[in-house]
2 protein chains.
Amino acid sequence: MSDPRLPSWRDGATRDAVTGFLAAATALPPAERVAVFDNDGTLWCEKPNYIQLDFLVGELIQAVEAQPRLADRAEYRAVLEGDSAAMAAMGLEHIAFSLIELCDGITPEEFDERVRRFFDLARHPERGVPYSGMRYQPMLELIDALRAIDFSVFVVSGGGTEFVRAVSEQLYGVAPEGVVGTQVAYRLDNEDGRPQLIRTTELVGDPNEGQAKIQSIQRVLGRRPILAGGNSAGDAEMLEYATANDGPSLALLVDHDDAEREYAYEGVAGTFDAAEPITVTASRLGWTVISMETDWDRVFSDP
Amino acid sequence: MSDPRLPSWRDGATRDAVTGFLAAATALPPAERVAVFDNDGTLWCEKPNYIQLDFLVGELIQAVEAQPRLADRAEYRAVLEGDSAAMAAMGLEHIAFSLIELCDGITPEEFDERVRRFFDLARHPERGVPYSGMRYQPMLELIDALRAIDFSVFVVSGGGTEFVRAVSEQLYGVAPEGVVGTQVAYRLDNEDGRPQLIRTTELVGDPNEGQAKIQSIQRVLGRRPILAGGNSAGDAEMLEYATANDGPSLALLVDHDDAEREYAYEGVAGTFDAAEPITVTASRLGWTVISMETDWDRVFSDP
């Protein structure tokens with residue numbers, strides 16, 4: 001039997017847990033119906049690269065066209081040559097921060113425009129479709145089902161806040177103020193008497209992973225979730241936070257176990273409990289694990 | 001002639017500026033229709049005390065009932081005895097921070113409950129009405145008129161973020177994620193295995209005044225306003241920011257010039273240009289000044 005609200009979800013215990021939660025949540029005041037979702041690997045595909053990394057590599061290619069000597073920098077050379085050994089030696093985080101420097105000194109409006117242009121033109125390197133087609137269709141259906149019963153739906157990403165905000169309305173129907181991710185610091189420029197924010201390369205606080213996700217939910221969104229969806233150790237605290245109340249709650253963990261239709265990989269170990277795979281954490285703590293292979297009849301959305 | 005959208009606004013240049021802006025803004029994409037309002041003195045009355053200060057004094061009175069020795073602290077004694085000379089000597093900010101310590105160590109849920117209880121029970125010390133009746137009716141009408149043409153309306157307060165969020169939906173129809181104010185830091189507690197945020201007495205960043213308002217608009221709301229309303233020097237940067245674009249924009253300054261129906265006082269000098277009254281700044285920079293006495297037919301809303 002299919003559920004008309006969740007047509008891409010197969011019959012089974014996972015969908016039953018979701019529909020059971022939807023039914024129970026209607027007993028709560030609407031203000032308490034709050035759902036938060038991680039983005040990379042939870043709402044859209046994060047393989048073979050984080051989409052934001054593909055964006056930054058595109059920025060690098062354009063920057064090098066204008067200033068060829070940029071290619072001499074070790075980090076950039078490794079990226080441009082696809083030298084994965086050199087990249088691994090430097091570390092992905094170091095590479096990412098070096099790439100983010102390419103957006104130093106621009107306005108949030110210019111950054112927003114660059115991200116939108118990227119989404120207009122870029123294609124997934126292996127599937128050849130626009131990134132809008134790399135969203136998970138079952139998660140979009142879940143978001144719709146939540147909104148149909150007056151849930152507020154937010155995106156709590158480890159990625160850059162403004163990167164996600166640039167497309168969150170278009171891709172998920174989530175307004176910019178409903179997104180929080182890692183936050184870059186701005187300085188205020190007052191050239192020609194018009195105040196204007198300018199991106200820096202500093203972060204405000206920690207990258208938005210682990211405990212930082214709980215803090216940023218409070219600071220930026222101001223609501224306590226009763227549903228949290230994630231897929232990696234950086235989401236674990238947020239999932240625990242969503243279930244730490246006496247009423248109905250749901251912690252959903254997307255398990256990437258579908259090598260054929262998506263990718264098969266273990267949730268990244270991280271801040272929560274590096275000693276165990278995240279799916280083991282999930283069963284220990286009573287989270288609902290979504291097996292992409294078993295529970296989803298269709299994986300990707302239309303572009 | 002009255003305007004059916006703005007029945008409490010009198011005919012005149014101020015209302016014309018507002019309605020002219022409303023008409024012009026409909027030519028913009030809805031995503032650009034963004035309005036931000038200061039709270040104290042702009043959406044609700046800030047005299048004789050900031051409402052949040054009245055809340056904190058109430059907290060103090062309850063705390064002293066439970067722990068009488070708290071009254072020995074110089075700051076608290078000055079407040080309890082209404083010793084305005086002592087309070088002035090210590091400074092309002094110092095007093096406020098000492099009072100905020102009374103909320104140290106509680107959860108955001110408990111804080112929210114305390115604020116709601118205050119709004120249920122407290123009365124304005126001079127008018128005797130619930131604080132919900134101290135909102136400015138013309139501003140509520142403006143918010144409704146903005147929403148009628150698909151504006152997103154946000155509150156950008158110098159007060160505590162969570163204090164305003166506790167009542168923003170009820171008083172202004174603004175969801176918690178649409179409010180940003182001064183932000184208190186939280187620590188994460190994990191007693192009995194359930195993650196829980198706990199208030200501290202530290203701030204995250206600066207108090208939300210002046211340039212900090214522009215920063216927090218970007219960080220928390222993620223949208224650039226084209227209308228900003230304020231009443232004091234702490235709002236000046238935000239008003240400038242809203243008008244620093246080439247399209248339609250409106251900076252509204254509430255001038256408290258109505259001793260009979262509200263209060264008459266000069267906008268506080270502050271971070272922007274302490275050398276001149278804020279109404280002079282307004283006319284120098286082309287902001288629209290709302291004379292409470294002249295432009296508003298009715299001042300306060302129903303409770």
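Modeller: Happy to! Let's start with B:Asp150, which is partly exposed because 13 other C-beta atoms lie within 10 Å. Keep in mind that this is a predicted model.

Colleague: Where does B:Asp150 lie?

Modeller: B:Asp150 is in the loop between helix H7 (137-148) and strand E2 (152-160) of chain B. Its phi is near 65°, a positive value in a residue other than glycine.

Colleague: And what is the phi of A:Asp150?

Modeller: A:Asp150 has a positive phi too, of about 70°, and A:Asp150 is not a glycine. You'll find A:Asp150 in the loop between helix H7 (137-148) and E2 of chain A. With 13 other C-beta atoms within 10 Å, A:Asp150 counts as partly exposed.

Colleague: Okay, backbone again. Is the peptide bond from A:Lys47 to A:Pro48 cis or trans?

Modeller: That bond is cis, with omega near 0°. A:Pro48 sits in the loop between strand E1 (34-37) and H2 of chain A. In chain B, the bond from B:Lys47 to B:Pro48 is cis as well, with omega near 0°. B:Pro48 is found in the loop between strand E1 (34-37) and H2 of chain B.

Colleague: Tell me about H2 of chain A, then. How many residues does it have, and how far does it reach?

Modeller: H2(A) covers residues 51-66, which is 16 residues, and it reaches 23 Å from its first C-alpha to its last. That is close to the 22 Å expected at 1.5 Å a residue.

Colleague: Which residues of H2(A) are buried?

Modeller: The buried ones are A:Ile51, A:Gln52, A:Phe55, A:Leu56 and A:Leu60. They pack against helix H3 (74-80), helix H5 (92-100), helix H6 (108-121), E2 and H8 of chain A.

Colleague: Into which domains is chain A divided?

Modeller: Domain 1 takes in 13-48 + 135-295, and domain 2 takes in 51-121. Their centres, taken over C-alpha atoms, are separated by 25 Å. The contact between them uses 13 residues from domain 1 of chain A and 16 residues from domain 2 of chain A.

Colleague: Which element gives the most to the domain 1 side of that contact?

Modeller: E4(A) does, with 6 residues. The elements that give two or more residues to that side are strand E2 (152-160), H8 and E4 of chain A. By class, the domain 1 side has 6 nonpolar, 5 polar and 2 charged residues.

Colleague: What about the inside? How many residues are in the largest nonpolar core?

Modeller: There are 148 residues in it, and those with the most contacts inside it include A:Val36, A:Ala242, B:Val36 and B:Ala242. As a general point, nonpolar side chains tend to be buried together in soluble globular proteins.

Colleague: Which residues is B:Val36 in contact with?

Modeller: Leaving aside neighbours within four places in sequence, B:Val36 is in contact with B:Phe154, B:Val156, B:Ile217, B:Pro225, B:Ala228, B:Met238 and B:Ala242.

Colleague: Let's look at A:Met238 in the other chain. Is A:Met238 buried or exposed?

Modeller: A:Met238 counts as buried because it has 28 C-beta neighbours inside 10 Å, and the cut-off for buried is 20 or more. A:Met238 lies in helix H10 of chain A. Beyond four places in sequence, its contacts include A:Val36, A:Val156 and A:Ala228.

Technical notes:
Residues numbered from 1 in each chain as written. Chains lettered and ligands numbered in written order. Predicted model: local features only at pLDDT ≥ 70, side-chain atom pairs only at ≥ 80, totals over all residues. Domains from an automatic or database assignment. Contact = placed C-beta atoms within 7 Å. Helix = DSSP H or I, 4+ residues; strand = E, 2+ residues; numbered from the N terminus. Nonpolar A, V, L, I, M, F, W, Y, C, P; charged D, E, K, R; others polar. Core = buried A, V, L, I, M, F, W, Y, C linked by C-beta atoms within 7 Å. Buried ≥ 20, exposed ≤ 12 C-beta atoms within 10 Å, placed from the backbone. Expected span 1.5 Å × (residues − 1).
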